[in-house]
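Student: Hi, could you go through this structure with me? I'd like to ask things as they come up.
Tutor: Of course, have a look at it first and then ask away.

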Amino acid sequence: MALHRRVRSKSVKIVAGVSALVGGVLAGGLAIGSAGAAGAPASVCVRGTLAFDAVDSETAGKPLVTSVARNANWELWGRATAAGTETRLATGLTSHQDGTFNACNTTGRPMAALRVKFLSSSTGSWRVVSDAKTRQEYSFFSGSRPGSSSVQNLGTVKVPTDMALAWKVVDTTNKLWWKRGNTQTPCWTRNESAGHCTPLTYVWKNDGKKGSWWDGGTGYVMLAGLDPRSQHLVLHEAGHFFMGRLYRENYPYVTNCSTHPMGKRTSQTCALWEGFPDAVAAYAMGDRRYVYSDSSSVSFDKPTGWETGDQVEGRVVGALLDLWAKGGPDGGSWDRTIETLITSHPGTFRDYWRTARPAAGLPVTGQARTLIEKNTIRY
């Protein structure tokens, strides 16, 4: 959750082929062009479910939780002969619903052996890498199966324990992708166009450390070893990236933010810069709290001993969540706020309230004012 200085970074261009795959995520099913689509010729398929075992901070008290890895990239590889060169035959995504995959050889070339490679990424939209310089994704292969049978069912394929949290990050990021607003764009926001999308890159190592941050220079999220246990923490750091894409890297100059206790006054800029990603995490998770990697948590509904006003991070979060809530003044979602942040880049909650909301036609009187005042913000 640490703050980093305002630094401009360059967008990473994604080749047209990857952009096409992003469309597959938008559709929610297999990636466009992946094997096994309707109308495909008779083929040999390797099926199964990709899953991982990991500690989940949101599920306190359980040492390990088994989850499926949704919208994760896979590749089908095969050998024509036992000693032949291995060739990539098809690519696709695990199901956005249950993590299943159906990797089919539709090339028409018979294969002696087939196996599936799994990667810690989702199309070209987000990825988990082990190093910021090489940007090498985590990957592993399933066991090899004969290429002669029409269907090879692998059952549940588990991610190796030492890299399970990489796929937890991949799966968790779906929650923000699905709620990011205008889903007509293949990018994170409509500030970018197909073929020029900036991917969300997480740099993670299984080193047992804690302490994660968003790097404004590279635009990468730096995740410490144990921190991906918390989905809220992952989504908070992703929220910094998302805010950067909305603001077109026109970040505010943030002050007094080297530490930012949730219930203490820092500055108006810090309260928004850290509060908005907190709100991103809670909104994507569908709750009203922040959960740390050690399973301790903060409720935005029941603050205890918090200071007051728009210099307090937690107060800003509570106000945003109330405005976006079902039955609230913003129509039950954050969509109109997301749209206005694309063109209006407020540096403080006061700027958001007095300038961005009126420009977007969002209310600042009546119920809306009552809600922010409930969160001790008064103008």
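Student: How many disulfides does it have?
Tutor: This is a predicted model, and the count in it comes to three disulfides. As a reminder, a disulfide is a covalent bond between the sulfur atoms of two cysteines.

Student: How are the bonded cysteines paired up?
Tutor: If you number the bonded cysteines in sequence order, the pairing reads 1-2, 3-4, 5-6.

Student: Ok, take Cys45 and Cys104. How far apart are the sulfur atoms?
Tutor: The sulfur atoms of Cys45 and Cys104 are 2.0 Å apart. This pair links distant parts of the chain, with Cys45 in strand E1 (residues 44-54) and Cys104 in strand E5 (residues 100-105), 59 residues apart.

Student: Is that link right-handed or left-handed? And are the two cysteines buried or exposed?
Tutor: The link of Cys45 and Cys104 is right-handed, with 105 degrees about the S-S bond, and both Cys45 and Cys104 are buried.

Student: What about Cys187, which cysteine is it joined to?
Tutor: Cys187 is joined to Cys197 by a disulfide, with an S to S distance of 2.0 Å. Both Cys187 and Cys197 lie in the loop between helix H2 (164-177) and strand E12 (200-204), so the pair ties together parts that are ten residues apart in sequence.

Student: Why does Cys187 count as buried?
Tutor: A residue counts as buried under 20% relative accessible area, and Cys187 is buried because its relative accessible area is 1%. Cys197 is buried as well, with a relative accessible area of 4%.

Student: Which cysteine is Cys257 joined to?
Tutor: A disulfide joins Cys257 to Cys270, and the S to S distance is 1.9 Å. The link of Cys257 and Cys270 is right-handed, with 65 degrees about the S-S bond, and both cysteines are buried.

Student: Switching to strands. Is strand E6 mostly covered or mostly exposed?
Tutor: Strand E6 (residues 113-119) is mostly covered, since six of its seven residues are buried.

Student: Which strands does E6 pair with, and how?
Tutor: Strand E3 (residues 73-79) is joined to E6 by six bridges, and the two run antiparallel. E6 also pairs with strand E10 (residues 145-146) in the antiparallel sense over two bridges, and three bridges join E6 to strand E9 (residues 139-141), again antiparallel.

Student: What lines the second largest cavity?
Tutor: Its lining includes Met243, Tyr247, Phe276, Trp324, Thr337 and Tyr352. Helix H4 (268-285), helix H5 (313-324) and helix H6 (335-343) each supply at least two residues of that lining. By class, the lining has nine nonpolar residues, one polar residue and no charged residues.

Student: While we're at helix H6, where is Thr340, and is it buried or exposed?
Tutor: Thr340 is found in helix H6, and Thr340 is buried, with a relative accessible area of 7%.

Student: What is Thr340 in contact with?
Tutor: Leaving aside its neighbours within four places in sequence, Thr340 is in contact with Ala356 and Ala360. The C-alpha atoms of Thr340 and Arg357 are separated by 7.6 Å, although these residues are 17 residues apart along the chain.

Student: And for the chain as a whole, how many helices and strands are there?
Tutor: The protein chain has eight helices and 16 strands, and 55% of its 379 residues count as buried.

Methods: Residues numbered from 1 in each chain as written. Predicted model: local features only at pLDDT ≥ 70, side-chain atom pairs only at ≥ 80, totals over all residues. Heavy atoms only, no water. 1 Å grid on protein atoms, 1.4 Å probe; cavity = no way out; pocket = protein on both sides within 12 Å on 5 of 7 lines; lining within 4 Å. Helix = DSSP H or I, 4+ residues; strand = E, 2+ residues; numbered from the N terminus. Nonpolar A, V, L, I, M, F, W, Y, C, P; charged D, E, K, R; others polar. Disulfide = S-S within 2.5 Å. Buried < 20%, exposed > 50% of the residue type's maximum accessible area, 1.4 Å probe, protein only. Pairing = 2+ DSSP bridges. Contact = heavy atoms within 4.5 Å.
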